[in-house]
Amino acid sequence: MANHPSAEKRNRQRTKRTDKNRAVRSSVRTAVRKAREAVEAGDKKAAEEAVAVAEKKLARAAQKGVLHKNAAARTSSRMRHALGK
């Protein structure tokens with residue numbers, strides 16, 4: 001347990017940041033899963049909308065440092081590729 005005020009503050013910051021990042025990561029995963037399901041279902045219009053939402057969330061997470069930018073780009077690319085098939 002932290003004994004100094006500065007260490008206590010760092011602990012509070014760490015827990016807030018962890019909770020926020022976990023929520024963002026979960027939201028991204030849900031959006032990506034919905035996009036993949038829409039692509040597999042074959043409904044072109046719904047799939048395009050779902051992929052657009054997922055790409056937006058991926059880009060935002062990468063921008064905030066929750067995901068690595070290349071990981072977000074790779075996931076977006078794979079979704080777009082699946083959409084085009």
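**View 1. Length of helix H1 in the predicted model.** Helix H1 covers residues 5-41; at 1.5 Å a residue, its 37 residues should span 54 Å, and the end C-alpha atoms are 54 Å apart, which agrees. The expected span is 1.5 Å times one less than the number of residues. Helices (H or I, at least four residues) and strands (E, at least two) are DSSP runs, numbered from the N terminus. This is a predicted model, in which local features need pLDDT of at least 70, side-chain atom pairs count only at pLDDT 80 or more, and totals for chains, interfaces and linings use all residues. Residues are numbered from 1 along each chain as its sequence is written, and side-chain values use heavy atoms, without hydrogens and water.

**View 2. Buried residues of H1 and their cover.** Val28, Ala31, Val32, Ala35 and Ala38 of H1 are buried (under 20% relative accessible area, 1.4 Å probe, protein chains only). Helix H2 (44-64) and helix H3 (69-84) are included in what covers the buried residues of H1; contact means heavy atoms within 4.5 Å.

**View 3. The residue after H1.** Gly42 follows H1 and has a positive phi, near 95 degrees.

**View 4. The chain around these details.** The chain holds 3 helices and 0 strands, in the order α-α-α from the N terminus. Its C-alpha atoms fill a box of roughly 55 × 20 × 15 Å along the principal axes. Of the 85 residues in the chain, 22% are buried. Among contacts between residues at least 6 apart in sequence, 52% join residues at least 24 apart.

Definitions and conventions
Buried means under 20% relative accessible area, exposed over 50%, partly exposed in between (1.4 Å probe, protein chains only).
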